[in-house]
Amino acid sequence: MQAAEQACGEAMARAQVDRADLVVAFFTVDHLADKERLVGTLKRFSGTDRIIGSSAAGVLTAGGEIEGEPGLAVLALRSDEIHGKVFLFHPLRGRDDSVGADIGRQMRGTAGPRRL
């Protein structure tokens, strides 16, 4: 998937890293049908399986706002202190309470002064 390769490469270059610890990716709904390939490409090019983000009607990138056309925004992070937890909830619509409860269960026991 060329868009993911390019966006991930640019994010890695901006971060000046050869491997990321966490990738944040937002993509327009145009990419939704290929989300598994998109995530797989991000994993391969970033060196991490810690990929978080979502689809949206538009995305903001360093180059500006993308709306009404395919778009992908990627942020690559490398840190000894930031750690991500991978989970996926689909579909979200109409499940606010149950998704919130699921997130709460997954995060149980991770509280601390430096936890988000």
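**Close-up views of a predicted model**

View 1. Strand 4 covers residues 64-67 and pairs with strand 3, residues 58-61. The two run in the antiparallel sense, and four bridges link them. To follow the chain from strand 3 into strand 4, look for the hairpin, where two residues make the join.

**View 2. The largest nonpolar core.** Welcome to a group of 16 residues. Those touching the most other members are Ala4, Leu38, Leu42, Leu72 and Val74. Two or more residues come from each of helix 1 (2-15), strand 1 (22-28), helix 2 (35-46) and strand 5 (72-77). Helix 1 is the top contributor, giving five residues.

**View 3. Around Leu38.** Here we zoom in on one of the core residues with the most contacts to other members, Leu38. Setting aside neighbours within four places in sequence, Leu38 is in contact with Met1, Ala4, Phe27, His31 and Leu72.

**View 4. Helix 1 against helix 2.** Two packed helices are described by the angle between their axes and the distance between the axes. For helix 1 and helix 2, the angle is about 35° and the axes lie 9 Å apart. Their crossing is right-handed. On the helix 1 side you will find Ala4, Glu5, Cys8 and Met12, which meet Leu38, Thr41, Leu42, Phe45 and Ser46 of helix 2.

Notes. Residues numbered from 1 in each chain as written. Predicted model: local features only at pLDDT ≥ 70, side-chain atom pairs only at ≥ 80, totals over all residues. Heavy atoms only, no water. Pairing = 2+ DSSP bridges. Core = buried A, V, L, I, M, F, W, Y, C linked by side-chain atoms within 4.5 Å. Buried < 20%, exposed > 50% of the residue type's maximum accessible area, 1.4 Å probe, protein only. Contact = heavy atoms within 4.5 Å. Axes fitted to C-alpha atoms, helices over the stretch in contact; angles between N-to-C directions. Left-handed = near helix turned anticlockwise from the far one by under 90°.
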